[in-house]
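Colleague: I'm still new to reading models like this one. Please pick one part, take a close look at it, and walk me through what surrounds it.

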Amino acid sequence: MVKDNCIFCKIASGEIPSATIYEDERFRVILDLGPATRGHALILPKEHADNLYTLEEETAGAAMKLARRMAIRMRERLGADGFNLVQNNGEEAGQTVMHFHLHLIPRYKDDGQHILWEPRKASAEELEETRKQIAE
């Protein structure tokens, strides 16, 4: 399904031009217009899903396989020193376009980006309670 009012559906379908670096029958990979680093790209499924929770499991797996192939290609061709895969779900997590997309962010020594979070302390009790909530 494609949503008429979704900008990423329009980009993925080719209705809106983009700097496409890869395309197949299921995905389009485009360079981000506001890149964190040189080569920052987005994997866009051509079928609409608002987020990871509504994405078909098979599409999720295919997106990760594509991310691996693209990361290897970008590391080799752009000389990246590392790589971040970022995928946000919901406004609280930083999602600004409600169409599942996976950020591919090549990292370079001294690139000035700080994508990692600030770790907090968790007690053994908190970890055990959280483990029980998720595992049971």
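A strand on the inside

Modeller: Let's take β3: Ala41, Ile43 and Pro45 point one way from this strand, Leu42 and Leu44 point the other way, and all are buried. Buried here means under 20% relative accessible area, while exposed means over 50% and partly exposed lies in between (1.4 Å probe, protein chains only). Strands (E, at least two residues) and helices (H or I, at least four) are DSSP runs, numbered from the N terminus.

Before going on, a word on what you're looking at: this is a predicted model, where local features need pLDDT of at least 70 and side-chain atom pairs count only at pLDDT 80 or more, while totals for chains, interfaces and linings use all residues. Residues are numbered from 1 along each chain as its sequence is written, and side-chain values use heavy atoms, leaving out hydrogens and water.

Back to our strand. Because five of the five residues of β3 (residues 41-45) are buried, it is largely enclosed by the rest of the structure. So who are its neighbours? Strands of a sheet pair through backbone hydrogen bonds, either parallel or antiparallel. β2 (residues 27-31) pairs with β3 in the antiparallel sense over five bridges, and Phe27 has Pro45 as its bridge partner. β5 (residues 102-107) also runs antiparallel to β3, joined by three bridges; there, Ala41 is partnered with Leu104.

Now zoom out a bit. The open sheet has five strands in the order β1-β2-β3-β5-β4, with antiparallel pairing. β1 (20-23) and β4 (82-86) are the edge strands, each pairing on one side only. From one strand to the next, the twist averages 20 degrees. Helix α2 (residues 57-78) packs on this sheet, touching β1, β2, β3, β4 and β5, and its direction makes about 20 degrees with that of β5. Contact means heavy atoms within 4.5 Å; axes are lines fitted to C-alpha atoms, for helices over the stretch in contact, and angles run from 0 to 180 degrees between N-to-C directions.

Glu58 is exposed, at 61% relative accessible area, whereas Arg26 is partly exposed, at 29%.

Terms used: Pairing = 2+ DSSP bridges.
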